[in-house]
Amino acid sequence: MIKLYWKVVSFLLLFAVVVFLGLNFVKGTNKKEAELESTTENISLMESVTEPLTTTEAESLEEENPLLKDAIFEINKLMEWFFQAKFDCDIETLQQIVSPSNEYQAERLHEERYGKDESGLLEIESYFVKSCYSKRGLLEGTFFVWVLVEVKYVNAETTALALYRMYVCKGENGYYINHEISEEEAAYRDEISEMEDVQKLIEEVNQQFQEAVNQDEQLKNIVLTMEGTDSKSEEMQSSEEVQSSAEVQ
């Protein structure tokens with residue numbers, strides 16, 4: 001009887017162990033299935049990110065790279081040096097702050113200041129850099145800069161606004177204007193140029209330019225002469241027609 005008793009007890013213990021292991025196995029299997037389902041959901045979510053950006057997502061990207069006014073003091077100073085050197089026909093200075101260094105020549109600078117004709121109507125009296133608006137480029141230390149400049153002509157009382165778009169890079173000796181740009185950066189430049197904050201700036205400059213031209217007949221003649229039109233027969237209707245230089249390369 002005692003032997004039979006222990007046999008029964010041993011059998012019951014063995015049965016309990018088998019049941020316990022079986023339950024743990026089932027739980028582990030369910031856990032793995034749940035983790036697999038969760039992983040599949042995460043993969044699906046990652047794949048959905050590659051879909052075209054919605055308007056909200058585009059706005060988010062614009063917020064990540066906003067158009068900043070006068071954000072970098074050194075870039076403002078660079079533009080002041082650049083336009084003063086253009087006015088002075090100072091090739092030596094331009095070669096130090098523009099790449100490639102042979103981008104500007106004396107004849108071109110003379111034409112920009114005095115005009116291509118001999119009338120003297122297009123002679124520039126001064127450049128004044130008002131503000132610099134910038135967005136980061138794709139590469140570290142690169143920026144796309146929209147330079148707001150007041151151009152004063154000798155033969156007009158009112159200044160004309162122009163918006164020059166520049167590609168600025170940071171080198172070993174500081175910031176410089178770079179006229180060499182990769183296809184990828186150029187594509188990005190075109191993309192951010194269409195952003196709402198940039199377009200708003202261009203629209204504002206065009207509007208102010210138009211107002212200046214409308215109140216100064218001589219400035220209107222200068223602009224029309226630059227475009228090769230006859231001011232006596234051509235009625236100016238918009239800033240686009242008279243090329244406000246709202247985004248000069």
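A salt bridge is a side-chain nitrogen of Lys or Arg within 4 Å of a carboxyl oxygen of Asp or Glu.

**Ground rules**

I'm working with a predicted model, where local features need pLDDT of at least 70, side-chain atom pairs count only at pLDDT 80 or more, and totals for chains, interfaces and linings use all residues. I number residues from 1 along each chain as its sequence is written, and side-chain values use heavy atoms, with hydrogens and water left out.

**Entry 1: confidence**

I looked up pLDDT, the predictor's confidence in each residue, from 0 to 100. The protein's mean is 78, and 67% of its residues reach 70 or more. Residues 31–53 stay under 50. I also looked up contacts there (a contact means heavy atoms within 4.5 Å), and that stretch has 2 of them beyond four places in sequence. Residues 229–247 are below 50 too, yet I find 39 contacts for them beyond near neighbours in sequence.

**Entry 2: salt bridges**

How many salt bridges are there? I get 9.

I started with lysine 152 and glutamate 125, whose closest N and O atoms are 3.4 Å apart. The lysine is in strand 4 (residues 142–153) and the glutamate in strand 3 (residues 124–136), so this pair ties together parts 27 residues apart in sequence. My helices (H or I, at least four residues) and strands (E, at least two) are DSSP runs, numbered from the N terminus.

Are these two buried or exposed? For this I use relative accessible area: buried means under 20%, exposed over 50%, partly exposed in between (1.4 Å probe, protein chains only). Lysine 152 counts as buried at 15%, and glutamate 125 is partly exposed at 39%.

Next I checked lysine 135 with aspartate 197, where the closest N and O atoms are 3.0 Å apart. This pair links distant parts of the chain, strand 3 and helix 7 (residues 196–215), 62 residues apart. Both lysine 135 and aspartate 197 are buried.

Then came arginine 108 and glutamate 112, at 3.1 Å between the closest N and O atoms. They sit 4 residues apart in helix 5 (residues 106–114), which means about one helical turn separates them. Arginine 108 is partly exposed at 34%, and glutamate 112 is partly exposed at 26%. This pair belongs to a network of salt bridges that links Lys86, Glu103, Arg108 and Glu112.

**Entry 3: cysteines**

How many disulfides does a search of the whole structure find? It finds 0, with a disulfide being a pair of cysteine sulfur atoms within 2.5 Å.

I traced an open sheet of 6 strands in the order 1-3-4-5-6-2, with mixed pairing. Two strands pair if DSSP finds at least two bridges between them. Which strands are at the edges? They are strand 1 (68–69) and strand 2 (98–99), each pairing on one side only.

Strand 1 pairs antiparallel with strand 3 over 2 bridges, and there I found lysine 69 opposite tyrosine 133. Strand 2 runs parallel to strand 6 (residues 174–178), joined by 2 bridges, with serine 99 opposite asparagine 178.

Strands 5 and 6 are antiparallel, with 4 bridges, and a hairpin joins them through 2 residues. Cysteine 169 turns up again here, as the bridge partner of tyrosine 176 in strand 6.

In helix 8 (residues 217–226) I marked Leu219, Lys220, Asn221, Ile222, Val223 and Leu224 as buried. What do the buried residues pack against? They pack against strand 4, strand 5 and helix 7.

At the start of helix 8, a side-chain oxygen of aspartate 216 comes to within 3.1 Å of the backbone nitrogen of glutamine 218. Just after the helix, glycine 228 has a positive phi of about 75 degrees.

Threonine 158 is buried at 17%. Leaving out residues up to four places away in sequence, threonine 158 touches Ala212, Gln215, Asp216 and Leu219.

Methods: A polar contact is a pair of N or O atoms within 3.5 Å; within protein, one must be able to donate a hydrogen and the other to accept it, and residues adjacent in sequence count only if both atoms are side-chain atoms.
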